Structure formats: structure tokens, C-alpha cells
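Trainee: I'm new to this one and would like a guided tour. Could we go through it by question and answer?

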Amino acid sequence: MASELALTVLMGVLLLAVALWLTRVEDWRSYAPLGSGAGGYGDATAHGTEEKPGGLTRWLTTVDHKDIGIMYGVYAVVAFAWGGLAVILMRTELATPAQDVVDLQMYNALLTSHGITMLFLFGTPILAAFGNYFIPLLIGADDMAFPRINAIAFWLLPPGALLIWGGFFLEPVVGSVGPAQTSWTMYTPLSIGAGAESYGAAGVDLMLLGLHLTGVSATMGAINFIATIFTERAPDVGWENLDIFSWTMLTQSGLILFAFPLLGSALIMLLLDRNFATTFFTVEGGSPLLWQHLFWFFGHPEVYILVLPPMGLVSLILPKFAGRKLFGFKFVVYSTLAIGVLSFGVWAHHMFSTGIDPRLRASFMAVSLAIAIPSAVKTFNWITTMWNGKLRLTTPMLFSIGFVQNFIIGGVTGVFLAAVPVDLLLHDTYYVVGHFHFIVFGAIGFAAFAGIYYWFPMVTKRMYQRRLGVWHFWLSIIGSNVVFLAMILLGYLGHPRRYATYDFGGVAPVDLYSSLHLLATVGAFLMLFGQLIWLWNMFQSWREGPRVESADPWNLEEESQFTREWQWFRSQREDSVAVTDGGSGEDQDEAGGEHRGGDAGQDQ
């Protein structure tokens, strides 16, 4: 008790010291009152062009949407690295049937950490990074509607990650606190107090608290995106010409408002069961199945929360290098809204094997099949956009095409799981893992890479190494398809998921299992090499890459695709040229014109 009190006092002193330091190094009176476009610094100017504090203080105190977008991106990359290394350890263990790399407890902890990290700490934040940086530019707003709330939403994430990962750090110091081993679905009754010592003990509580923080962060961000898109659009940006990425972020934010508070309520109920002897999800007096209903009512809209903005990214980027506008723009928007509505009526297809009423199973099967229709509409629109187009196979275009390919495989395999008889055979096998990863990494990851490469010249004013970008694509597409197709084949063979070993004593085709697992492990290492190339390319190019000589590095004006964010980029370059030549921002109309570098910025 004394040690806990001393630790609390120490943390309070540390926080007070940080607050005092910030008051000494920062002139808080320079901050403007919260208002439209002020960005929180001085007078209201567009997109944070005002003078900001330097160094670390800038990043700790910024409320500029571009800075916050970059911080979201860096945070997501760190989470991506953590989740990726966890799965590499797991795949190394699975390369052979025996348990010879990590013990069972560590495998379960890695499994739990990988799933939660990739969904909550990478997937949602990387999309928030794109949304924060580019939505105000795309809709002609000065900043997000609530800049300070925007900053708060981000700063809830680092402590959330530390709590989720806390068991790994605390176990060597405090042996009774280990990482959670509940799997990312946290199914009851395994995640309740009974047997807590076997399933992470206090590490589960830390993870639940961290998840709660990430949910609050996502909800605050969603409110901000909705308010920004509704109220901060430029006068000439109506609903009829709102860009497709903003449409998908708006729909995603609506889903978050309905889904994440429910997850937060369920997490609190689980915490109460674990620590205060309530009986929400207990076997005696409660219902373990209730957890599944609550979790999947959040969990399946969460899939569309993660996949709708990537659909918007691809719908925005793919036409730029196809030489034509997005085919059927209105139908893409309508299908986005249809997915948002239908996504709340499919959660129980995760529970077909739990013994629910067959009439309910039939209704959920029907809606699960129906939601494939708007997804197919988008897919045909992407293909038609490319049909007879003037395709330029730049790195963003390659990743956009890879997205479409992976999404088709992930979607078709999902249709089979929507059918009750097939799902009863394939449930809890590697087929589900392969299908899910075709969507989560094969689609979401590829769309994120497409967006990063596409806007890299705008954010950094430099160009990446094009050859390394192509290598990154081919290693990623080959590696991911090898891994996930091997998983689907393992599922057809009935291999159960979430096992650290598969030496089943002669009752299963272990040799075939072993060959497919080894193939999947090889594919995972191909993906690893691809991501290492990407990290090096981004880091080195940001520091030393060739400077972009044109405000139109992709030659978008030739195809009438020079959208609003690139127009903003041109205005910033003209402002810079004017100031360099002795003028000011007000003289930008007389400033020297655009300095084009021919096709220097093209990524052919």
C-alpha cells in the first residue's frame, strides 16, 4: 500500500514538473481563442501557416490539423511495427508442428496483442492520419472544427497503447502482472476473474482500460470529422461535389458514434465482472453469450469502419492514374451509405455456431449476403474506371490495383462465410483468418500505402525512391497472397486457428499442415522485407530525397485531375517563392509562376 501511494505521489510530481516546464518555455497568451480556422495559434490563417513554437514544444502543444495528422501517422507506424513483429514471432513458431520458439503463454499474449494492435492502434489511427491532414484541404476548410478536441483525441492514444502493451513491460518487474492472453475478442468466461492467473491477471485490466481510451479517442475524432464536413466546407463545396474520401470518412464517423460507445459500455461491464463480482457475463447469474452479442454489434461495423476510408482513398487515387474520372461517382457514394446502414445488421454471422435460433440465423445470413452488393458495386466501378483508361503504373496506382485484387478475394471468401451451412464447417478455422487478413491488410494496408506514396511529395516536398516503392509493392503483394491463400487452404483442411502447435497425434494431415504453415511463414518474411524497404525509403527520402520541383508532381492537370489539396499545395509554393524573392504572402498573384520539373516527379 505504501509503495502504491509513493508511486502515485511520484507521478503527480512528474506531471506538475511537466506543466511548470511548459509554462516556462511557451507563451500561452499567444494562443488564439477557439474559433473557425484559427488553429489555436495567433491570428486566423489558413492551414497553420502562422508561426509556431519550435522543437518538441510544437509537437506537444500543436492543434494544427496537419501536425496532428503527421503524429497520427507516426503513432500508427510504431503500432504497425509492434503488431508486425508479434506476428513474425508467431509465424516462426508455426513453421514447424512442435513448440520450439515461444511458450504457450507468450504465444497467446502475442496473438492477443497482434489483433488488438492492428485493429485499434494501427487501423483506426492511420485512417485518422489521412483524415486529419487532408480533409480540411479537400473541402476548403481552414482547420478541423474543434482543433483542441482534435489534439486531445490524439493524446489519448499513447497512454492507451502503453496500457494495452503494459503487461509485456511489467512482467519482468512485477511477476504477477503479465500480458493479456484472452485473444483480441476477449470471449467470456475466459476473460473474467475465474482463472485470471492463467489469462493475464492485471494485464487484462490494463488492456481493457487502454481499449477504453482508444474508443474515447475514436469517438471524439468522429464527432470532429462530422462537424468539420458539415460546417467547415468552402462555399463552392456542396454535397454533390464533395470528394469521395470525405464521404467515406463521414460515413465511418457515423458508424463510430454508434459502435464505439457500445464497446466502451461492454468493456466497463467486463471490468466490473473481473474486479467487483458483478455477473453480466458470468456463467452463473449472467450470460457469456451476451458478451459476444455486444462485442460483435461493435465488431462487425468496426470492419467497415476500417475498410470504408480505404475504399475512399482508392476511389480518389485510382482515377488520377487511370486518366479518367471515377466511373459512377453517385453509385459509389450511395453504396458507401448502404454499407454503413447494413453493417449494423450482420453481427450475428460471427455466432452461427453458438446455437442461436435458426430463424435469426437465416435473417442474419440474408443481410450478410446483401451487404456484398454495395461492395460489388464499388469493385465494378473501380474496374470500369480503369477500363480503356490511360493507366500509369506509379507506385500509388500499383497499390490501388493490389487493393482491388485483394478486396475481391477477401470479399468472395466472405460471401461463403455468410452462408450458414458453410460457416458451420469453416468457423474457427484458418479459413476465417485468411479471409479476414485479405481485407484487413490486403485491402486496408494497401490503400494506406497508396495514400502515403500519393501524398508523400505534398507532405515532405520531396520524392521517394521510385524503385524501392516498386520493390515494396511486389514483396507485399506476393507475400500477402502466399500467406493468406495458405491460410485459406489450411481452413479447407479443417485446421483450427489460435493453436501454437499442431502435432495432433496422427488424427490430422500434419505433413500437409506443416508444408502450408512453412509456406505461410516464407510469405510473412517476404512481407517483412517489403515493409523494411518501405520504412527505409520513407525515412531516407524524407531527409534526403530529391526536392519536388513542381506543384503538380503527378502531372494531374493534363488529365483534369488537379484536385483542391494540390491547389492548396501550389498556393503554398507560390507563397514560399514570393517570400524568398522579397515579397510577402499578399503578393502571391505577382509571384513567379510555378517551377515545373518536367516529368521529374513522375513515378513511372
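Predicted model: local features only at pLDDT ≥ 70, side-chain atom pairs only at ≥ 80, totals over all residues.

Trainee: What percentage of the residues in the protein chain is buried?

Mentor: Buried means under 20% relative accessible area, exposed means over 50%, and partly exposed is in between, with a 1.4 Å probe and protein chains only. The protein chain has 604 residues, and the buried share of them is 55%.

Trainee: Leaving aside neighbours within four places in sequence, which residues is Phe130 in contact with?

Mentor: Contact means heavy atoms within 4.5 Å. Once neighbours within four places in sequence are set aside, the partners of Phe130 are Ile135, Phe245, Leu313, Ala448, Gly451, Ile452 and Trp455.

Trainee: Are α9 and α10 roughly parallel or roughly antiparallel to each other?

Mentor: Axes are lines fitted to C-alpha atoms, for helices over the stretch in contact, and angles run from 0 to 180 degrees between N-to-C directions. Helix α9 (residues 288–317) and helix α10 (residues 329–342) have axes that come within 11 Å and cross at roughly 175°. Angles under 35 degrees count as roughly parallel, over 145 as roughly antiparallel, 65 to 115 as roughly perpendicular and the rest as oblique. The two helices, α9 and α10, are therefore roughly antiparallel.

Trainee: How many residues of the contact of α9 with α10 are nonpolar?

Mentor: From α9 come Tyr304, Leu308, Met311 and Ser315, which meet Val332, Thr336 and Ile339 in α10. Ala, Val, Leu, Ile, Met, Phe, Trp, Tyr, Cys and Pro count as nonpolar, Asp, Glu, Lys and Arg as charged, and the others, Gly among them, as polar. In the contact of α9 with α10, no residues are charged, two are polar, and the nonpolar ones number five.

Trainee: How far does helix α16 reach from its first C-alpha to its last?

Mentor: The expected span of a helix is 1.5 Å times one less than its number of residues. Helix α16 (residues 466–492) has 27 residues, and the expected 39 Å is close to its reach of 39 Å.

Trainee: What is the phi of Arg498?

Mentor: Just after α16, Gly494 takes a positive phi of about 85°. Arg498 lies in the loop between α16 and α17 (510–544), and at 26% relative accessibility Arg498 counts as partly exposed. Arg498 is a residue other than glycine with a positive phi, near 65°.

Trainee: Is Met186 buried or exposed?

Mentor: Met186 is found in the loop between α6 and α7, and its phi is positive, near 55°. Its relative accessible area is 1%, so Met186 is buried.

Trainee: Which peptide bond is cis, with omega near 5°?

Mentor: Look at Pro189, in the loop between α6 (157–170) and α7 (202–231). The cis bond, with omega near 5°, runs from Thr188 to Pro189.

Trainee: How far apart in space are Val283 and Thr188, C-alpha to C-alpha?

Mentor: Val283 lies in the loop between α8 and α9, and at 61% relative accessibility Val283 counts as exposed. Leaving aside neighbours within four places in sequence, Val283 is in contact with Pro189 and Pro288. Val283 and Thr188 are 95 residues apart in sequence, and their C-alpha to C-alpha distance is 8.8 Å.

Definitions and conventions. Residues numbered from 1 in each chain as written. Heavy atoms only, no water. Helix = DSSP H or I, 4+ residues; strand = E, 2+ residues; numbered from the N terminus.
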